[in-house]
Amino acid sequence: MSNSQEDMVSPTKGGGAGGRTKEFVSWVKKAFNKSPSPQKRRFLSLDSINSPPSKPLVFGVGLDELTLVSSHKVPFIVRKIVEHIEENGLTEQGLYRVNGNTRLINELKNTFDKIGDADFSSVDTATVGGLLKLWLRELPTPVIPDEAVPDFVEIQETNVGHTSPEHLAQLREAIHKLPKANFELLKYLI
């Protein structure tokens with residue numbers, strides 16, 4: 001098993017949210033050792049990253065942790081935001097450049113941290129885009145981890161002004177070296 005695969009399996013590696021990780025893993029163990037009521041089953045399924053009833057963890061949690069108990073490669077919050085933007089905001093100019101409503105962004109963040117989901121039906125797409133930007137900023141480790149940045153910078157600096165097949169091959173190789181959860185998120189967002 002490669003280091004990046006070990007990082008995916010080990011919830012205590014590569015994050016910085018060790019206490020939250022232990023709490024999350026503890027909650028998962030408890031949740032699946034109990035027999036939940038039918039109403040709570042949807043929150044406890046492995047196919048869902050909906051928040052645990054006691055202390056949800058969505059913002060400020062590492063990618064490997066968010067995908068640990070889900071069969072999906074990309075966290076639920078990202079999928080929900082991207083789907084909303086694809087349905088409602090692709091014609092808006094400067095979608096990620098325009099700031100959304102800060103109060104609404106914070107309300108949506110709190111809702112995701114409380115129940116693991118939020119209703120976007122009456123929210124403008126700039127605010128939903130702002131929620132994605134906030135979630136990305138609060139990741140303990142960036143999508144392109146600090147240790148990988150020099151490789152990307154070197155590739156860009158050695159290929160300024162042109163895109164050759166070698167340049168694309170170097171870039172592809174650097175992207176494939178990313179931890180699996182980071183690679184899957186980047187692939188999804190692109």
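**Around Ser 121**

Author: Start with a polar contact: the side chains of Ser 121 and Asp 119 are joined at 2.9 Å. A polar contact is a pair of N or O atoms within 3.5 Å; within protein, one must be able to donate a hydrogen and the other to accept it, and residues adjacent in sequence count only if both atoms are side-chain atoms. The model is predicted: local features need pLDDT of at least 70, side-chain atom pairs count only at pLDDT 80 or more, and totals for chains, interfaces and linings use all residues. Residues are numbered from 1 along each chain as its sequence is written, and side-chain values use heavy atoms, with hydrogens and water left out.

Reader: Where is Ser 121 placed? Is Ser 121 buried or exposed?

Author: Ser 121 sits in the loop between α6 and α7. Ser 121 counts as exposed, at 63% relative accessibility. The cut-offs are under 20% relative accessible area for buried, over 50% for exposed, and partly exposed in between (1.4 Å probe, protein chains only).

Reader: Switching to the fold. How many helices and strands?

Author: The chain has 10 helices and 0 strands. Helices (H or I, at least four residues) and strands (E, at least two) are DSSP runs, numbered from the N terminus. Buried residues make up 41% of the 190 residues.

Reader: Now salt bridges. How many?

Author: The count is 5. The rule is a side-chain nitrogen of Lys or Arg within 4 Å of a carboxyl oxygen of Asp or Glu.

Reader: Why would such side chains pair?

Author: Side chains of opposite charge can pair when their charged atoms come close.

Reader: Which parts of the chain do Lys 80 and Asp 117 link?

Author: Their side chains form a salt bridge at 2.7 Å, N to O. The pair links distant parts of the chain: Lys 80 is in helix α5 (residues 76-88), and Asp 117 is in the loop between α6 (102-115) and α7 (125-137). Asp 117 is partly exposed, at 25% relative accessible area.

Reader: And Glu 184 with Lys 187, where do they lie?

Author: Both are in helix α10 (residues 180-189), 3 residues apart, about one turn of the helix. Glu 184 is buried at 9% relative accessible area, while Lys 187 is partly exposed at 49%.

Reader: Helix packing next. At what angle do α5 and α10 cross?

Author: Roughly 5 degrees, and their axes come within 11 Å. Axes are lines fitted to C-alpha atoms, for helices over the stretch in contact, and angles run from 0 to 180 degrees between N-to-C directions. The two helices are therefore roughly parallel. Angles under 35 degrees count as roughly parallel, over 145 as roughly antiparallel, 65 to 115 as roughly perpendicular and the rest as oblique.

Reader: Which residues of α5 and α10 meet?

Author: Val 78, Arg 79, Val 82 and Glu 83 in α5 meet Leu 185, Tyr 188 and Leu 189 in α10. Contact means heavy atoms within 4.5 Å.

Reader: What about α8 and α9, what angle there?

Author: Helix α8 (residues 149-158) packs on α9 (residues 165-176) at about 175 degrees, axes 10 Å apart. That makes α8 roughly antiparallel to α9. Among the contact residues are Phe 152 and Ile 155 of α8, and Leu 171 and Ile 175 of α9.
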